[in-house]
Amino acid sequence: MNESPDPLLDLLHLLDLDQIERDIFRGESRSALVPRVFGGQVAAQALVAAGRTVPADRGAHSLHSYFLRAGDPGAPIVYTVDRIRDGRSFTTRRVVAVQHGQPIFHLSASFQTHEEGMEHQAPMPAAPDPETLPTAAEMLPRYADRFSDPRVVDRLIEARQAVDLRYADAPPFGTVGEQREPRSQVWFRTNGKLADDPLLHVCMATYVSDMTLLDSVLLAHGRGGWAVGDVVGASLDHAMWFHRPFRADEWLLYDQESPSASGGRGLGQARIYTADGSLAITVIQEGVVRIPRG
């Protein structure tokens, strides 16, 4: 396993774009667990690009995005920002990610100045203490015999070096063939402290949000996922709403469920809570989820 001396620093470098023109940015890419760019990386980088064209007093409150083509992990990605609107309270940006002359991803993001208003939220569900749950390095080797490729365990652990992600219950590949309630919970935080920049924490949560959201779709059908080889798929679209302040370097509960799967697609929806019960983020994603043809 290729262990970086500082995986979190590597991830922060990945999300730190080069500005090559006023509204044009370039990001690095790297190999993912599948032979394409990880969707969370593209979404987070696009949000970084958008955020760098917005006044610092306006925080991201929502994003809506579409994955158009598989990204090439061996090539840089160019992000072009369109300044759609700068209003008195809200700022809107559109970002197109391009590789090899073709758009691979499209994002619209909205930013808002701080404002006081009405307050209510859905209560935080019950969940185990994250400190009592196994880390990826402790949990994944237990399921080594479930994967078609024996290198998968090391690759999964490597992909989680920068982010401490802990399952509240067995992951989909842990209960292959067993249909379960279409619901999954994970706790996550970065493996190290982050700077106080709110945009950085929002972008880091965006990165992590694409890791496990469709797990609940798999659970409903007893499928283990791409690493097991009993499904193939990819993200289609991804939307997030940022409700309240949070830090991505402190424990966040990712409470996920799937209300529907049909037509070769599965829908995941989730709420992300801080450890003290504040509803920080709502996430919805649809992805292609297909059973391989024999």
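Modeller: Ala, Val, Leu, Ile, Met, Phe, Trp, Tyr, Cys and Pro count as nonpolar, Asp, Glu, Lys and Arg as charged, and the others, Gly among them, as polar. This is a predicted model, in which local features need pLDDT of at least 70, side-chain atom pairs count only at pLDDT 80 or more, and totals for chains, interfaces and linings use all residues. Numbering runs from 1 along each chain as its sequence is written, and side-chain values use heavy atoms, leaving out hydrogens and water.

Biologist: Which classes make up the lining of the largest cavity?

Modeller: Seven of its residues are nonpolar, none is polar and one is charged. The lining consists of Ala136, Met139, Leu140, Leu156, Arg160, Leu165, Tyr167 and Phe173. Arg counts as charged, so Arg160 is the charged one. Helix α3 (136-139) and strand β7 (163-167) each supply at least two lining residues; helices (H or I, at least four residues) and strands (E, at least two) are DSSP runs, numbered from the N terminus.

Biologist: What makes a space a cavity, and what makes it a pocket?

Modeller: We use a 1 Å grid over the protein atoms alone. In a cavity a 1.4 Å probe fits but cannot get out; a pocket is an open set with protein on both sides within 12 Å along at least five of seven lines. Lining residues have an atom within 4 Å of a point. The search finds two cavities of 30 Å³ or more.

Biologist: Which strand gives the most to the lining of the second largest cavity?

Modeller: Strand β8 (residues 183-190), with three residues. The lining includes Arg183, Ser184 and Gln185. By class it has three nonpolar, two polar and three charged residues.

Biologist: What lines the second largest pocket?

Modeller: It has 34 lining residues, and Ala60, Phe242, His243, Arg244 and Pro245 lie nearest its centre. Its volume is about 1200 Å³. Here 14 lining residues are nonpolar, eleven polar and nine charged.

Biologist: What makes a set of residues a nonpolar core?

Modeller: Its members are buried Ala, Val, Leu, Ile, Met, Phe, Trp, Tyr and Cys residues, joined through side-chain atoms within 4.5 Å. The largest core has 69 residues, and Tyr79, Phe105, Phe147 and Ile281 touch the most other members. Helix α2 (residues 39-51) gives the most to this core, eight residues. Apart from it lies another core of seven residues, among them Trp187 and Leu253.

Biologist: How do you know how compact the chain is?

Modeller: The chain has six helices and twelve strands. Its radius of gyration is 18 Å, close to the 19 Å that the globule rule gives for 294 residues, so it is as compact as a globular protein of that length. The radius is taken over C-alpha atoms; the rule is 2.2 Å times the number of residues to the power 0.38.

Terms used: Buried < 20%, exposed > 50% of the residue type's maximum accessible area, 1.4 Å probe, protein only. Points joined across faces, edges and corners; volume = space filled by probe spheres on them.
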